[in-house]
Amino acid sequence: MKNHPMIRRTLIALAAAALLSPTLAAAQGPAAPAAQPPRTPKAAAPIDLTGNWVSIVNEDWLYRMVTPKKGDFPGLPLTKAAQDAANAWDPATDGSCKAYGVGGIMRMPGRLRIGWAADDALKIETDAGVQTRLLVFGKRPDANTPATLQGFSVARWEFPNPVLGQAAVPGAAGGGLGGGPGARAPGGDLMVVTTNTTGGWVRRNGVPYSPNTKVTEYFDRFKGPDGAEWLTVLTAVDDPANFNGPYLTSTHFKKEPDGSKWRPRPCTP
């Protein structure tokens with residue numbers, strides 16, 4: 001009987017029905033979760049750069065707090081063309097917005113107000129010169145993008161932090177922002193590359209950078225021993241027409257509780 005064709009067909013049908021039954025399907029484990037949409041740059045931020053920040057002038061104090069004299073530009077890797085241009089600077093133009101473009105604005109003593117303009121764009125406002133920078137994620141300038149004083153800034157989060165040397169969690173594979181396998185060590189930074197600038201001055205006494213300049217920045221936030229929050233901006237100004245090598249600076253800001261000390265001071269167009 002056990003080899004009867006009808007019995008065999010019945011047993012096969014019952015086995016197939018069992019494979020499709022809810023009880024057996026549940027025993028196979030839960031279904032794979034549906035793919036989740038990628039997180040926005042705002043949601044994925046490893047550090048919070050928003051808030052009110054005041055510059056702490058602990059580097060190049062003399063050349064930042066006071067307009068240097070004409071022809072005074074030590075420590076800058078200037079080409080002959082840049083030296084000639086700086087030596088031709090007219091002190092009557094002190095205060096010009098040329099000194100408040102992307103190549104020099106972060107070195108200006110004053111305050112920053114940082115917030116999200118959109119889920120994919122950070123906005124930096126300065127009270128010195130009353131400038132606004134937009135750091136855009138996931139976009140690139142095209143041939144029709146106009147040049148401006150602040151240029152076009154392309155931003156991206158960096159994991160791990162290349163400036164502080166943070167590494168992935170030992171033994172972890174892949175990347176990720178949350179906990180669990182593949183998660184990286186806490187921290188990260190924001191990398192920003194700016195082009196499409198109209199050019200300007202890296203110092204208020206007419207030291208120039210050209211429209212072909214590329215400005216690369218790394219924004220980091222960290223907590224000091226006393227609990228104060230700090231923002232550090234490492235900047236490289238690359239402009240072969242005016243610099244024999246990258247012009248490197250490190251600029252520091254301290255977090256303020258609010259914007260009560262905000263004092264806008266416009267530059268001269």
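Arg107 is buried, with a relative accessible area of 8%; the term buried applies under 20% relative accessible area, exposed over 50%, and partly exposed in between, with a 1.4 Å probe and protein chains only. The structure is a predicted model, in which local features need pLDDT of at least 70, side-chain atom pairs count only at pLDDT 80 or more, and totals for chains, interfaces and linings use all residues. Residues are numbered from 1 along each chain as its sequence is written, and side-chain values use heavy atoms, with hydrogens and water left out.

**Overall organisation**

The chain has 269 residues, and buried residues make up 39% of them. Its secondary structure comprises four helices and 13 strands, where helices (H or I, at least four residues) and strands (E, at least two) are DSSP runs numbered from the N terminus. Of the contacts in the chain with a separation of 6 or more, 62% come from residues 24 or more positions apart; a contact means heavy atoms within 4.5 Å.

**Salt bridges**

Side chains of opposite charge can pair when their charged atoms come close. A salt bridge is defined as a side-chain nitrogen of Lys or Arg within 4 Å of a carboxyl oxygen of Asp or Glu, and the structure holds eleven of them.

| Salt bridge | N to O distance |
|---|---|
| Arg107 and Asp60 | 3.1 Å |
| Arg265 and Asp127 | 3.7 Å |
| Lys223 and Glu229 | 3.6 Å |

The side chains of Arg107 and Asp60 meet in a salt bridge. This pair links distant parts of the chain, 47 residues apart: Arg107 belongs to the loop between H4 and E2, and Asp60 to the loop between strand E1 (51–56) and H3. Asp60 counts as partly exposed because its relative accessibility is 30%.

Arg265 forms a salt bridge with Asp127. The two partners are 138 residues apart and again connect distant parts of the chain, with Arg265 in strand E13 (residues 265–266) and Asp127 in the loop between strand E3 (121–126) and strand E4 (128–129). Asp127 is buried, with a relative accessible area of 0%, whereas Arg265 is partly exposed, at 39%.

Lys223, which pairs with Glu229, counts as exposed because its relative accessibility is 57%. Salt bridges that share partners also join Glu59, Asp60, Arg107 and Arg203 into one network.

**Cavities**

A cavity is a set of points on a 1 Å grid over the protein atoms alone where a 1.4 Å probe fits but cannot get out, and its lining residues have an atom within 4 Å of a point. Grid points are joined across faces, edges and corners, and the volume is the space filled by probe spheres set on the points. Three cavities of 30 Å³ or more are counted by this rule.

The largest cavity has a volume of about 120 Å³. Three members of the salt-bridge network, Asp60, Arg107 and Arg203, are among the residues of its lining, which also includes Tyr63, Arg64, Ala99, Gly104, Met108, Val202, Arg204 and Tyr247. Helix H3 (61–65) and strand E8 (200–203) each contribute at least two residues to this lining. By class, the lining has five nonpolar, one polar and five charged residues; Ala, Val, Leu, Ile, Met, Phe, Trp, Tyr, Cys and Pro count as nonpolar, Asp, Glu, Lys and Arg as charged, and the others, Gly among them, as polar.

The second largest cavity contains about 70 Å³ of space. Its lining is formed by Val102, Gly103, Gly104, Ile105, Met106, Arg107, Glu217, Thr235, Val237, Tyr247 and Thr249. Strand E11 (229–238) and strand E12 (247–256) are the elements that give two or more residues to this lining, which divides into five nonpolar, four polar and two charged residues.

**Two buried residues**

Ala99, part of the lining of the largest cavity, is located in the loop between helix H4 (80–87) and strand E2 (111–118). Ala99 counts as buried because its relative accessibility is 2%. Apart from neighbours within four places in sequence, Ala99 is in contact with Gly104, Ile105, Met108, Trp201, Arg203 and Arg204. The C-alpha atom of Ala99 is separated by 8.6 Å from that of Cys267, 168 residues apart along the chain.

His252 lies in strand E12 and counts as buried, with 19% relative accessibility. Its side chain makes a polar contact of 3.2 Å with the side chain of Asn58. A polar contact is a pair of N or O atoms within 3.5 Å; within protein, one must be able to donate a hydrogen and the other to accept it, and residues adjacent in sequence count only if both atoms are side-chain atoms. Not counting residues up to four places away in sequence, His252 touches Val54, Ser55, Ile56, Asn58, Trp230, Leu231 and Thr232.

Key
On a 1 Å grid over the protein atoms alone, a cavity is a set of points where a 1.4 Å probe fits but cannot get out, and a pocket is an open set with protein on both sides within 12 Å along at least five of seven lines; lining residues have an atom within 4 Å of a point.
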